[in-house]
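Had a look through this one with the contact lists open alongside.

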Amino acid sequence: MLTRRTLMKGALVAGAFAGGGLAGRFGGIANARAAMPLVARRSEALITDKGPTRGVMTYGDAEIPPVLRMRRGELFNLRLDNRLDEPTTIHWHGLRIDNRMDGVPFLTQPYVYEGDGFDYAFTPPDAGTFWYHPHCNTLEQMGRGLAGLIVVEDPADPVFDAEIVLNLRDWRLGGDGQFIAQFKPRDAARAGTFGTVRTANWRQSPQYDAPAGGLVRLRLAATDVTRILALSVEGADALVIAADGNPAAERFAPDHLMIGPGQRLDLVLRMPDTEGAVAALKDLRGTRPATLATFRAVGASLKRNIADLPALAANPLPEPDLSAATELPFILSASAEERPKDGICGSLGYNFWAINKVPWADDTGDPTAPLAEMKAGKTYIFNVENPTPQVHPLHLHGLVFKPMNSNKQAIRPHFSDTYLILPDEKVQLALVADNPGDWVFHCHIIEHQKTGMTSYVRVT
């Protein structure tokens, strides 16, 4: 049957093989060097003390997906080899790259079927902490482990005494350490279905050594499909130096700082001076606070001063021109539409959520029309309203916005790609539409995304 999907697939495949490369401001595709191989595969992992958890999905040769390291302004090539028994893709969360590399099935690229591969090639324009994950059968694949961190380095950044990267996520495991159902419909219609085992780097409350009295760069990403965190550091001084990949305009302590799925933080941790002293990263949200990871001071104190840390190098981000901005409405809501049809990338079988009253399960059925069409280079303000009783981490692909003028929370001036909107909140997200393409806009609580709180905007 001739549909928008089959037409788009043909166009994408033809474009991928024509001309030998693409040039552009964002992640131009080129054939400058051999691509790094990355295998998506099924495996097992030691997550609990009940023995190996079977049916895990991961990238690469090790148990946990590798931290992918890139350099700002330098070409990065990667060849995804799909050895799963189902289609998949890779989305590069937070990276402002060419639309054809964004990893959304049939909106930006075809599925990568089992046994096939796909070449991703782009030049990251921004330094910071990002992450990568599939955009196909998302709840199942991410819930079983397909989520890894990205570090884009900048040689102009200050030197730290150590760096620790944390992948923060839950697992839906039973008492035997094996997977149970990834979601419950009644929970998907509310805050989402929570995991039963909480981990950092696939371990429960791991401990890391760091130089006593030293300055540690702690890079962390909330890669869970549901859980919202309220972070705090105990036993050491800590400041937020970057959020969602971009340097903080003013550094501040992570005192009950809320972040949701998709968001990242860079902290500078000033380790205790006494060897053996332990600092802890904690989640204080909910009735059961949890220690996510601990950090033990080792060696003689370096006696570093946290106030002496230079600023991070700024990213080349476009400043919105508010005097010439066009305002666009986005209203989050519940949905009672008919259940979506199943598709190759899976469906949860329900529509509970919508944006502007239109639910879209993003990888099932043909896409709806874009929520908005924007002209390249123009400034826009997303007027987002959340009349629902739930918190939603809203993620925009391919672009960055500057949150402004919330009626519910104080806004620190910063650029971001993911905003945690509170119940009954109205917020303005200002952006420059400087990256052409179709860009997905969705809640990163994956059950909300997969049951309708997804759509896309178009930049031409």
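**Notes on strands, rings and charges**

1. Let's start in the sheet region: the bridge partner of glutamate 163 in β12 is arginine 217. Strand β9 (residues 162–171) and strand β12 (residues 215–222) run parallel as a pair, over seven bridges. Strands here are DSSP runs of E, at least two residues, and helices are runs of H or I, at least four residues, both numbered from the N terminus. Two strands pair if DSSP finds at least two bridges between them.

2. Before going on, the ground rules. This is a predicted model, with pLDDT of at least 70 needed for local features and 80 or more for side-chain atom pairs, while totals for chains, interfaces and linings use all residues. Residues are numbered from 1 along each chain as its sequence is written, and side-chain values use heavy atoms, with hydrogens and water left out.

3. Glutamate 163 and arginine 217 turn up again among the charges: a network of salt bridges links Arg69, Glu153, Asp157, Glu163, Arg217, Arg219 and Asp266. A salt bridge here is a side-chain nitrogen of Lys or Arg within 4 Å of a carboxyl oxygen of Asp or Glu. By this rule the model has 28 salt bridges.

4. Which sheet holds β9 and β12? An open one of six strands, ordered β10-β9-β12-β17-β14-β15, with mixed pairing. At its edges are β10 (197–200) and β15 (246–252), each pairing on one side only. Neighbouring strands of this sheet are turned by 25 degrees against each other on average, direction ignored; the axes are lines fitted to C-alpha atoms (for helices, over the stretch in contact), and angles run from 0 to 180 degrees between N-to-C directions.

5. There is also an open sheet of four strands, in the order β2-β1-β4-β6 and again with mixed pairing. Its edge strands are β2 (53–59) and β6, each with pairing on one side only. Strand β1 (residues 36–45) pairs with β2 in the antiparallel sense over six bridges, and glutamate 44 stands opposite arginine 54 in β2.

6. Arginine 96 bridges to aspartate 434, with the closest N and O atoms 3.7 Å apart. Arginine 96 is in the loop between β5 (91–93) and β6 (117–122), and aspartate 434 is in the loop between β27 (425–432) and β28, so the pair ties together parts that are 338 residues apart in sequence. Are the two partners buried or exposed? Both arginine 96 and aspartate 434 are buried, where buried means under 20% relative accessible area, exposed over 50%, and partly exposed in between (1.4 Å probe, protein chains only).

7. Threonine 108 counts as buried, at 2% relative accessibility. A polar atom of its side chain lies 3.3 Å from the backbone nitrogen of glycine 103.

8. Arginine 144 has two partners worth a look. With glutamate 140, arginine 144 makes a salt bridge at 2.5 Å, N to O, and its charged end sits over the ring of phenylalanine 179, 4.3 Å from the centre. For the ring contact, NZ of Lys or CZ of Arg must be within 6 Å of the ring centre and within 35 degrees of the ring normal. Arginine 144 counts as buried at 16% relative accessibility, whereas glutamate 140, at 24%, counts as partly exposed. Arginine 412 likewise lies over the face of phenylalanine 252, at 3.6 Å from the ring centre.

9. Last, the rings. Rings of Phe, Tyr and Trp (its six-membered ring) pair if their centres lie within 6.5 Å; planes under 30 degrees apart are stacked, over 60 edge-to-face, and the rest tilted. That rule gives 15 aromatic pairs. One of them is phenylalanine 330 with phenylalanine 441, edge-to-face at 5.5 Å centre to centre and 75 degrees between the planes. Phenylalanine 330 is in strand β20 (residues 326–334) and phenylalanine 441 in strand β28 (residues 437–443), so the pair ties together parts 111 residues apart in sequence. Phenylalanine 330 is buried at 0% relative accessibility, and phenylalanine 441 is buried at 1%. Elsewhere, ring pairs join Tyr59, Phe76, Trp92, Phe118, Tyr120, Phe122 and Tyr132 into a cluster.

Methods: A polar contact is a pair of N or O atoms within 3.5 Å; within protein, one must be able to donate a hydrogen and the other to accept it, and residues adjacent in sequence count only if both atoms are side-chain atoms.
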